[in-house]
Amino acid sequence: MKKFFLIFFLILTYIFPGFSQTTGPKITLQRSRISVEEVLKEITRQSGAQFSYNPRAIDPKRQISFRIRNGSLENALKMLATKIPIEYSIVENQIVLNRRESGNIPIEEGPKEPEYFTVSGFVVDRASGESLIGATVFARGTPSGTSANGFGFYSLRLPKGKYTLEFSYLGFSPEVESLELVKDEKRDVRLQNIPLVLPSILVEIPTSDLLEKRQLGKLELKPKDLDNMPEFGGESGLIKSLQALPGVKTHSDGSAFFYVRGGEKDQNMIIIDDAPVYNPAHLFGFYSLVIPDFTKDIKMYKSDIPVNLGDRLSSIVDVRTRDGNLNKLEFSGALNPLINRLSLEGPLVKEKSSFFTSFRQSNFQWIYQAAFPDLELRFGDFSFKLNYKINNNNRLYFTLLNSWDILNNAGGFSLGRAGIQWNNFAMTLRWNHIFSPKLFSNTIIHTGNYQYKLSTTQDAWDSGIASLSLKSDFTNYNSSRLTTKFGVEIQGYYFNPGKILIGQLATFFPSIKQDYSRQNVWYYNADYRLGEKWRLNAGARLSIWSNLGPATYYTFDEDHELIDTVSTPSGAYKTYWNLDPRTSVQYSIDSTSSLKLSYGIYHQYIQLISNSVSPFTSFEVWLPSSPNIKPQAAQQVALGFVKYLPKQGLEFSAEGFYKKMKNQIDYADHAQTLLNPYIEGELRFGQMESYGVEFLLKKDQGRLNGWIGYTWSRTMRQTPGVNGGREYPAFQDRPHDFSLMLNYNIARRTLFSAFWTTYTGSAFSSPTGFYTFNEVTVPIYGEKNNDRLPNYRRLDIAFKFTLNKNPESRYQHSLTFSIFNVLAHKNIVAVNFNKILPNGAPVVQANAIGEHALITTQADLVRFLPSLTYKFTL
């Protein structure tokens with residue numbers, strides 16, 4: 001019989017992983033007015049306990065206040081006994097309630113205000129000392145809880161008394177600590193990581209705490225999410241991971257451009273430890289600059305963007321990097337035929353200072369060297385992070401990121417050697433200071449620099465953008481209900497739209513003015529709980545943008561013809577200021593579901609000028625808002641619903657949005673955007689409108705996990721002077737977008753991953769007819785973006801084999817075999833109408849055998865790409 005029950009228990013544990021790793025049912029109920037009958041029904045629903053009582057002795061309709069959070073059944077009964085005069089006992093598996101005749105119910109002493117104290121500290125990984133961003137902290141049996149901030153710091157204000165605090169984080173074993181709070185306390189907590197090769201081990205996090213952390217309009221990715229996705233040529237980068245989430249649309253294969261809720265590609269900003277990265281791509285977009293090894297936490301804000309983050313209309317991607325192991329030295333790497341990566345981390349002073357450094361280099365030479373000996377194609381990057389604990393209240397961080405791409409050909413061109421190269425540089429110096437258990441500050445100096453260069457033997461042309469910023473950010477944990485955030489930021493910008501450095505071309509092209517600008521920002525935000533059901537978040541961001549002289553700019557008339565040249569002295573010659581209010585209200589339906597409504601106004605002061613729909617990045621011109629370019633503006637309203645199904649381990653969310661964008665840049669026909677000093681005269685300004693609904697079903701734990709996402713949306717443009725002033729679909733208008741990501745542990749050390757995506761083809765303009773003039777075929781165009789590329793479909797798969805048998809072994813290594821586009825589907829990125837010249841030669845190479853003078857061809861990039869990667873850590 002004992003063996004039977006043991007086998008039965010193991011089967012339950014295997015089929016229902018949540019059955020294991022528990023110590024009894026947890027009860028959460030927070031109501032200020034509820035009947036005794038409803039309390040008993042809710043306890044029965046959450047715990048399975050059955051009650052027996054005499055309704056004549058115990059009034060089931062009596063209204064009481066009942067608040068308990070993640071408490072045990074015993075704690076719930078004890079709390080009920082303080083509300084009504086009862087005694088309880090267990091008879092034949094039922095809880096029998098009897099009226100208590102002696103004694104009175106404890107009554108709270110009227111208006112006396114309880115004395116409050118604060119418990120605060122850091123939540124970190126026990127093994128490495130890495131801070132755990134977003135770790136949950138709550139006091140059992142109370143409605144009070146909080147989450148750790150971006151540096152693992154938490155602050156929880158509670159009335160004087162005895163408490164049991166529970167600390168939890170997904171993928172880690174919870175930690176429980178008891179304390180008697182009679183003064184402000186500092187408690188640093190270390191959580192133990194659960195090896196990923198043990199899929200049956202689940203960490204139970206109360207749904208109320210998940211709701212506490214869950215912010216609609218925000219997507220979160222962990223390094224393991226990136227690492228588990230099927231790879232492209234040895235890497236699973238940030239951009240390809242983002243495309244798997246609803247509301248995010250990538251340009252196409254081989255591109256780092258992405259679009260969020262209908263916005264343009266320049267309306268998204270990626271920040272790495274607060275420093276902006278203006279081009280997050282390697283190899284024109286096939287690889288991402290952000291790699292899983294260097295990241296600790298990734299958040300994408302699609303709506304309700306925090307007021308302390310940068311000025312973009314569509315999204316902010318906030319990447320936090322690893323600090324480095326504070327306890328031991330670790331060496332890791334990834335080896336692939338196309339790319340290699342090595343990382344080193346460890347303590348400089350144990351538990352006080354650590355570093356993390358990583359180097360990555362491509363390895364393509366063996367593919368092309370025999371056929372193209374003069375070709376040079378390579379990229380690489382270097383990452384470095386240093387942190388130092390000065391004392392318990394002060395800590396310094398330094399982050400550096402440098403990346404480069406080079407494509408050169410020493411022969412085969414009439415001009416001799418020719419090539420292109422681009423470089424990203426980002427750096428952050430940060431100081432964290434704890435003024436008190438309630439006040440936390442974060443002061444940052446950061447810079448971002450992007451440079452692009454095109455060169456031949458005789459000439460060289462470059463363009464770029466750079467920024468330098470000083471920011472001081474404060475978080476005040478005023479009370480258990482109110483948290484405020486405020487700060488100030490000063491930024492300086494340099495814009496180089498493109499200039500000839502050397503060579504004969506410098507005598508043919510006019511000089512292009514370089515721009516300098518300044519931005520001052522003040523912001524304030526309050527997060528307030530209105531009882532147990534409602535939560536209000538409201539704030540504003542005040543930004544002042546100034547163009548700085550001495551400078552020269554041009555004015556244009558209504559027909560975009562040049563009128564005059566204006567020279568300005570030193571100082572600000574054009575200033576824009578905008579106050580952007582942002583607010584949201586959240587209503588908790590119950591402990592497992594909530595609704596949220598948000599509204600925000602956003603402005604953007606820098607813009608990417610490009611009238612090309614090519615998937616390849618880097619050939620870019622950035623311009624500031626100026627007398628001729630008003631800041632881009634947007635208003636967005638979003639309504640969302642989230643529901644947790646704890647027994648199934650599922651999270652479901654649905655969100656609808658509407659976004660109106662003004663001062664959107666479009667282009668005159670055949671606009672010249674490069675080496676044009678009058679480029680502002682080529683621009684046209686209109687508006688965009690985007691709306692849609694997004695659905696996400698997600699399962700984070702268990703042997704089978706992953707997510708399903710679907711988006712229906714529309715994005716329409718309308719610009720005077722373009723398409724006859726009529727509305728037309730934007731390039732990124734793709735009504736249907738579906739994605740599926742699955743991870744399945746086939747065995748204890750074997751993981752299978754699959755990613756499937758399909759979406760509507762992008763809009764483009766195709767000719768409606770042709771005519772011949774002087775023996776040359778000329779296309780006739782009608783409506784703009786009147787056609788669509790074929791629908792996109794792709795399936796990626798991967799098998800990850802963990803080679804070490806002991807998950808606690810110091811030497812960890814694995815082998816990953818993945819296939820990109822395993823079905824070899826032809827995903828079109830461009831359609832060409834190849835004209836045939838009178839001599840019979842095609843303008844673009846095509847099969848000219850046939851009777852038609854015009855041939856339509858389609859271009860795709862990657863149909864099938866296998867990859868084998870060996871990863872190790874020691």
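Guide: A search of the whole structure finds 47 salt bridges, a salt bridge being a side-chain nitrogen of Lys or Arg within 4 Å of a carboxyl oxygen of Asp or Glu. This is a predicted model, in which local features need pLDDT of at least 70 and side-chain atom pairs count only at pLDDT 80 or more, while totals for chains, interfaces and linings use all residues. Residues are numbered from 1 along each chain as its sequence is written, and side-chain values use heavy atoms, with hydrogens and water left out.

Visitor: Which residue meets Glu130 in a salt bridge?

Guide: Glu130 pairs with Arg322, at 3.8 Å from N to O. The two sit in distant parts of the chain, 192 residues apart: Glu130 in the loop between strand 6 (116-125) and strand 7 (136-139), Arg322 in the loop between strand 23 (315-321) and strand 24 (330-335). Strands here are DSSP runs of E with at least two residues, numbered from the N terminus.

Visitor: Is Glu130 buried or exposed?

Guide: Buried means under 20% relative accessible area, exposed over 50%, and partly exposed in between, with a 1.4 Å probe and protein chains only. Glu130 has 5% relative accessibility, so Glu130 counts as buried.

Visitor: Which residues do salt bridges with shared partners join into one network?

Guide: The network consists of Glu130, Asp273, Lys296, Arg322, Asp323, Glu345 and Lys385.

Visitor: Now a single residue. What is Thr711 in contact with, apart from its neighbours within four places in sequence?

Guide: Contact means heavy atoms within 4.5 Å. On that basis Thr711 touches Pro246, Gly247, Lys249, Val693, Glu694, Pro735, His736 and Asp737. Thr711 belongs to strand 42 (residues 704-718) and is buried, with a relative accessible area of 3%.

Visitor: Which backbone atom does the side chain of Thr711 reach?

Guide: The Thr711 side chain reaches the backbone nitrogen of Gly247 at 3.0 Å. As for C-alpha positions, those of Thr711 and Phe695 are separated by 6.4 Å, the two residues being 16 residues apart along the chain.

How values were computed: Helix = DSSP H or I, 4+ residues; strand = E, 2+ residues; numbered from the N terminus. Polar contact = N/O pair within 3.5 Å; in protein donor to acceptor, adjacent residues only side chain to side chain.
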